[in-house]
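Here is a briefing on one protein model. Please keep the sequence and the 3D view open while you read.

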Amino acid sequence: MLGKLMKHEFKATGRLVPLVFMAWAIFALSTFLTRQTGWNAASGISLFFFIIAGAAAVIITYVVVITRFYKSMYANEGYLSLTLPVEGWKLIFTKVLTSFIWITLSYAVMIATIILTVVFAIKGNSGVWAEFKEQLFMVFGIREKDFWRIILYSSVAALIQTLAGIMQIYFAITLANTGSFQKNAVAFSFVFYLAISFIVQMIGMGLILFVPLSFYFGSDGAKIVFEPMISSMNQQVVDKIGLSSTLLDLACIGGLYAGILKLLQRRVSVR
């Protein structure tokens with residue numbers, strides 16, 4: 001059943017998002033070809049639309065998956081979704097996983113946009129990139145071989161944070177469709193999301209600074225240390241990143257997921 005639900009979700013959300021990705025790829029190819037041929041005017045225009053398409057990929061993806069979640073759960077389609085002979089956790093799981101995959105792909109497009117824009121800009125001048133790397137490692141006091149460890153940690157933390165963000169949005173939408181809130185569900189969805197996001201960020205900031213668990217990077221390597229990030233704030237270079245916010249994000253994912261299921265069972269109303 002999970003497979004059928006996933007297939008249905010990808011089909012429902014896959015009408016627009018892949019087209020945006022295709023447009024981005026076309027502009028990337030166009031920029032590359034026009035720069036290769038030395039057609040500067042066309043290259044500049046193509047690069048502009050390439051950057052716009054990269055940013056639009058993220059925005060449009062979020063709009064599509066959020067709209068899909070709301071319509072399929074609490075609008076007209078909700079009557080069908082909530083009466084399917086499927087456990088609630090499977091229903092929410094497939095929607096969250098589908099959204100996470102699409103959003104992760106959109107972020108990959110955005111990152112590729114930044115990287116390719118830099119590549120297009122410094123093409124033919126490899127010395128600029130070498131100098132940039134040297135300055136980067138010198139400023140942060142890290143070795144080149146530790147750079148990829150930092151990238152790996154940052155990527156994992158970003159993925160967890162993205163999933164936590166999705167859960168915050170979907171919990172806010174679910175809560176806004178309970179009881180008297182439903183009359184202004186869209187407005188309350190924004191209010192609840194902003195409130196949840198603010199609270200989580202404030203708690204996360206405190207945990208990052210004061211909990212003795214950090215990712216250290218410096219001239220002697222990159223590793224996990226049991227020291228708070230605030231211990232490096234009075235230095236010229238901040239050489240620690242607090243890990244506690246990532247643990248908070250994991251707790252939020254589980255807690256908000258359970259919260260959505262509980263609201264679905266007892267209090268949610270469908271338009």
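## The enclosed cavity

Glu9, Thr13, Val65, Arg68, Phe69, Lys95, Ser99 and Tyr170 line the largest cavity. Its space comes to about 30 Å³. This is a predicted model, in which local features need pLDDT of at least 70, side-chain atom pairs count only at pLDDT 80 or more, and totals for chains, interfaces and linings use all residues. Residues are numbered from 1 along each chain as its sequence is written, and side-chain values use heavy atoms, with hydrogens and water left out.

- A cavity is a set of points, on a 1 Å grid over the protein atoms alone, where a 1.4 Å probe fits but cannot get out; lining residues have an atom within 4 Å of a point.
- Grid points are joined across faces, edges and corners, and a volume is the space filled by probe spheres set on the points.
- By this rule, there is one cavity of 30 Å³ or more.
- Two or more lining residues come from each of α1 (2-13), α3 and α5.
- Helix α3 gives the most to the lining of the largest cavity, with three residues.
- The lining of the largest cavity has three nonpolar, two polar and three charged residues.
- In these classes, Ala, Val, Leu, Ile, Met, Phe, Trp, Tyr, Cys and Pro count as nonpolar, Asp, Glu, Lys and Arg as charged, and the others, Gly among them, as polar.

- Ser99 sits in helix α5.
- Ser99 counts as buried because its relative accessibility is 4%; buried means under 20% relative accessible area, exposed over 50%, and partly exposed in between (1.4 Å probe, protein chains only).
- Beyond its neighbours within four places in sequence, Ser99 is in contact (heavy atoms within 4.5 Å) with Val65, Ile166 and Tyr170.
- Phe69, with neighbours within four places in sequence set aside, is in contact with Tyr74, Ile92, Lys95, Tyr170, Ile173 and Thr174.

- Of its 13 lining residues, Ile66, Ile169, Ile173, Ser189 and Phe190 are the closest to the centre.
- A pocket is an open set of grid points with protein on both sides within 12 Å along at least five of seven lines.
- Helices α3, α7 and α8 each supply at least two residues of this pocket's lining.
- Helix α8 gives the most to the lining of the second largest pocket, with five residues.
- By class, the lining of the second largest pocket has nine nonpolar, three polar and one charged residues.

**Nonpolar cores**

- The largest nonpolar core has 47 residues.
- Its residues with the most contacts inside the core are Phe69, Met73, Ile92, Met167, Tyr170, Phe171 and Ile260.
- Two or more residues of this core come from each of α2 (17-37), α3 (40-74), α5 (88-122), α7 (144-176), α8 (185-210) and α9 (244-266).
- Helix α7 gives the most to this core, with 11 residues.
- Apart from this core lies another, of eight residues, among them Ile150, Tyr153, Ala222 and Leu243.
- A nonpolar core is a set of buried Ala, Val, Leu, Ile, Met, Phe, Trp, Tyr and Cys residues joined through side-chain atoms within 4.5 Å.

- Ala28 lies in helix α2.
- Ala28 counts as buried because its relative accessibility is 11%.
- The C-alpha atoms of Ala28 and Leu47 are separated by 7.5 Å, with the two residues 19 apart along the chain.
- Neighbours within four places in sequence aside, Ala28 is in contact with Phe50 and Phe120.
- Ser244 is in helix α9.
- Ser244 is buried because its relative accessible area is 6%.
- Not counting residues up to four places away in sequence, Ser244 touches Leu207, Ile208, Val211 and Leu213.

**Whole chain and confidence**

- The protein chain has nine helices and three strands.
- Helices (H or I, at least four residues) and strands (E, at least two) are DSSP runs, numbered from the N terminus.
- From the N terminus, the order is α-α-α-α-α-α-α-α-β-β-β-α.
- Buried residues make up 41% of the 271 residues.
- Among contacts between residues at least 6 apart in sequence, 71% join residues at least 24 apart.
- The mean pLDDT (the predictor's confidence in each residue, from 0 to 100) is 83, and 81% of residues reach 70 or more.
- Confidence is lowest in helix α6 (residues 126-140), at a mean of 63, and highest in α8, at 91.
- Where pLDDT is low, the predicted coordinates should not be read in detail.
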